Amino acid sequence: MTELGTGALVWAGFDGEQVPGPILDAIRAGKIGGLLLFAFRGNIRSKDQVRAMVREAQEAAVRGDLPPVPIAVDQEGGTVVRVGYRAVFPSAMAIGATGDPRNAERAARAVGEGLLADGITVNHAPVCDVNVEPRNPVIGTRSFGDDAERVAQFTAAWVRGSEGAGVASTPKHFPGHGDTSLDSHFTRPDVTVDRATLERRELLPFRSAFAAGATTTMSAHIRYTALDSEAPATISRPILTDLLRRELRFDGLSMTDSLDMSGIADISIEDVVVTGLEAGVDAMMVTSGLERQLAAAQWIADRVRPERTREALRRATWFRERFGRTALDADFDDEPRRDLALQIAEASITQVGRGALDTGVDARGRAPPPSRRQRHVLEQRPPASRLGTAGRLLDERLVPAGAGVAREGSARGRRSVVRRPQPVRRGARTERPCAPHIRRRACVARGSRRGARR
């Protein structure tokens, strides 16, 4: 088996139902170390298509005498579901509303089993953010709530379920995206609370997730002034090395959020890759731009200290050996998992009162049809040069649960129901994304979006 090189630290996204030839060649040559699947980019159409696509990527790795590459997706539940043909589970907030962390563990295990059947081995979940900011435009029901201890219990349970199923969990967005009124897809938020608050609130769920056995974590494009007054977490050594490695003693794979997001786009992609690796990142999510995806491995080889590269490659090699797998040849029965999704949804409704939750699943745990998809309002306007890319990424982050079922109307169809973003005035009251998962009387989390105050 060929020893992995710096390309193992670069993960790539792409457009279409098949992995493009240049990406396959890069996998074979060891210049790409992982793949990211997105619904809005047309990567996920059907079970057979996904399995064939994953198998082709793994065959390319084998031809290069390399281990299979990890394949990642965002399958949180609720509004953030990419593989819509599998059992669809309620949002984190709805699961948290059941009051029983075992539901999070059961859901994560079921989700992981479905993903693994198709060769997807990394799930970018759970969301560890404590959603304490009522104006938060991007977390909302993706969080288990606004109480740090409860969020910690449920995120740890999710990690146990996912890792137990053989799918890597990804606690995110380290060290926390819950106390922001801005969306890092469109701008770089600042979290200005003191270190004691971060310790008591933001870091508690991550500590629990790491203790439960999480194998990866995803950092945020956010600046935390109490930890680093200059750099966002993505490229911050005080956050990614001093805090994550030394204080929290996490030795798993550290990955970035998408480098297409405007929260990091004011820095050149080459500098982000190099500075991020030096700061402690092990996997750079270069989600678009074939030229920079293919160049990233060389940037690392030329500009990152050899000792830091060796450390990152140690983790990448271990991670790839554990989570590089091919899709199952056998069929996979989703019905028991759809039944479980329905049970958890019913438990949510029972706890908070009839009609309080729109759990995002139908009576058989399936994604809703397009006619039931939610509409979302964007809050900030990104720089003009980044509007297209950042907008597409937000569409992906908030794509409804039906994505991945139909062959038509993916990105273009969703953009038709997204209103134009408007600038946010400091102190102004803005319209927030409507996520009618929970109403005021439920009192599940003060930090939920507009639906929480209905």
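Predicted model: local features only at pLDDT ≥ 70, side-chain atom pairs only at ≥ 80, totals over all residues.
I looked up Arg308 to begin with: at 3% relative accessibility, arginine 308 counts as buried (under 20% relative accessible area is buried, over 50% exposed, in between partly exposed, with a 1.4 Å probe and protein chains only). Residues are numbered from 1 along each chain as its sequence is written, and side-chain values use heavy atoms, with hydrogens and water left out.

**Salt bridges**

I then checked the partner of Arg308. Arginine 308 meets glutamate 311 in a salt bridge, 2.9 Å from N to O (a side-chain nitrogen of Lys or Arg within 4 Å of a carboxyl oxygen of Asp or Glu). Both sit in helix α10, three residues apart, about one turn of the helix (helices are DSSP runs of H or I, at least four residues, and strands runs of E, at least two, numbered from the N terminus). Glutamate 311 is partly exposed at 31%.

Next I followed the network: Arg245, Asp251, Asp282, Arg308, Glu311, Arg314 and Arg315 are linked by salt bridges. Within it I picked aspartate 251 and arginine 314, whose closest N and O atoms are 3.2 Å apart. This pair links distant parts of the chain, 63 residues apart: aspartate 251 is in the loop between α7 (237–247) and β10, arginine 314 in helix α10 (residues 306–323). Both are partly exposed, aspartate 251 at 44% and arginine 314 at 43%. My count for the structure reads 33 salt bridges.

**Sheet**

I traced an open sheet of three strands, ordered β6-β8-β10, with parallel pairing (two strands pair if DSSP finds at least two bridges between them). β6 (172–174) and β10 (253–255) are the edges with a single partner strand each, so one side of each has no neighbour in the sheet. Strand β8 (residues 216–219) pairs with β10 over three bridges, and threonine 217 stands opposite serine 254 in β10.

**Helix pair**

Last, I looked at α1 (residues 21–28) and α9 (residues 290–303): their axes come within 11 Å and cross at roughly 5° (axes are lines fitted to C-alpha atoms, for helices over the stretch in contact, and angles run from 0 to 180 degrees between N-to-C directions). I therefore logged α1 and α9 as roughly parallel (under 35 degrees; over 145 is roughly antiparallel, 65 to 115 roughly perpendicular, the rest oblique). Pro22, Ile23 and Ala26 of α1 touch Leu290, Gln293 and Leu294 of α9 (contact means heavy atoms within 4.5 Å).
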